[in-house]
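Hi,

Here is the structure I promised to pass on to you.

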Amino acid sequence: WTTGKWLPRDENGSYPITPTSFYPFLFGSNLPAERVNTMLVRYLRNSSEFAVNPENTYGIPSVTRSSKAFQDMQYWRGRAWGPMNFIVYLGLVQYEDNIEHSRSSANEEKSSTQQQQQQHRLLDT
């Protein structure tokens with residue numbers, strides 16, 4: 001996500017967006033917020049890209065619906081594959097869990113700091 005060096009390129013030299021583009025979510029909450037927002041809003045929640053919609057109710061396709069590769073539906077291109085969908089699901093769950101853990105850790109730290117400050121105030125009086 002940060003260097004683009006591992007990403008495959010299509011015939012035009014651009015980087016195609018596929019379910020593997022969501023795999024970095026598996027690795028936690030230290031992802032660039034701007035990239036996360038782009039992946040979630042522009043691609044995952046967009047029914048013209050990946051989101052399940054009335055025409056495609058079987059999960060996210062193996063390439064974006066806007067890709068030329070989606071149109072030919074040859075073997076893996078365009079179809080929804082269970083393993084890809086499951087890994088994307090696991091990544092989103094992991095990302096959410098890591099964000100929640102980060103929030104609770106921050107709240108616990110803040111609470112601990114407040115308790116220490118309160119103890120110091122009590123001791124000073």
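Below are my notes on the core, a surface patch and one threonine.

Please keep in mind that this is a predicted model.

I began with the inside. The largest nonpolar core has 13 residues. Within this core, F22, F25, V36, M39, Y43 and F50 touch the most other members. Two elements, α1 (33-44) and α3 (82-124), each give two or more residues to the core. The biggest share comes from α1, which supplies five residues.

Next, the surface. L26, F27, F86, Y89 and L90 together make a nonpolar patch of about 540 Å². One of these residues, F27, sits in the segment before α1. Is F27 buried or exposed? Its relative accessible area is 70%, and exposed means over 50%, so F27 counts as exposed.

Which side chain does T18 join through a polar contact? The partner is T20, and the contact between the two side chains is 2.6 Å. Setting aside neighbours within four places in sequence, T18 is in contact with F50, S62 and V63. F50 brings us back to the core, as F50 is among the residues there that touch the most other members.

Best wishes

How values were computed: Residues are numbered from 1 along each chain as its sequence is written. This is a predicted model: local features need pLDDT of at least 70, side-chain atom pairs count only at pLDDT 80 or more; totals for chains, interfaces and linings use all residues. Side-chain values use heavy atoms; hydrogens and water are left out. A nonpolar core is a set of buried Ala, Val, Leu, Ile, Met, Phe, Trp, Tyr and Cys residues joined through side-chain atoms within 4.5 Å. Buried means under 20% relative accessible area, exposed over 50%, partly exposed in between (1.4 Å probe, protein chains only). Helices (H or I, at least four residues) and strands (E, at least two) are DSSP runs, numbered from the N terminus. Patches are made of residues with over 30% relative accessible area and no salt bridge: like charges are joined within 9 Å, nonpolar side chains (Val, Leu, Ile, Met, Phe, Trp, Tyr) within 5 Å. Accessible areas come from the Shrake-Rupley method with a 1.4 Å probe; for residues, only the protein chains shown count as cover. A salt bridge is a side-chain nitrogen of Lys or Arg within 4 Å of a carboxyl oxygen of Asp or Glu. A polar contact is a pair of N or O atoms within 3.5 Å; within protein, one must be able to donate a hydrogen and the other to accept it, and residues adjacent in sequence count only if both atoms are side-chain atoms. Contact means heavy atoms within 4.5 Å.
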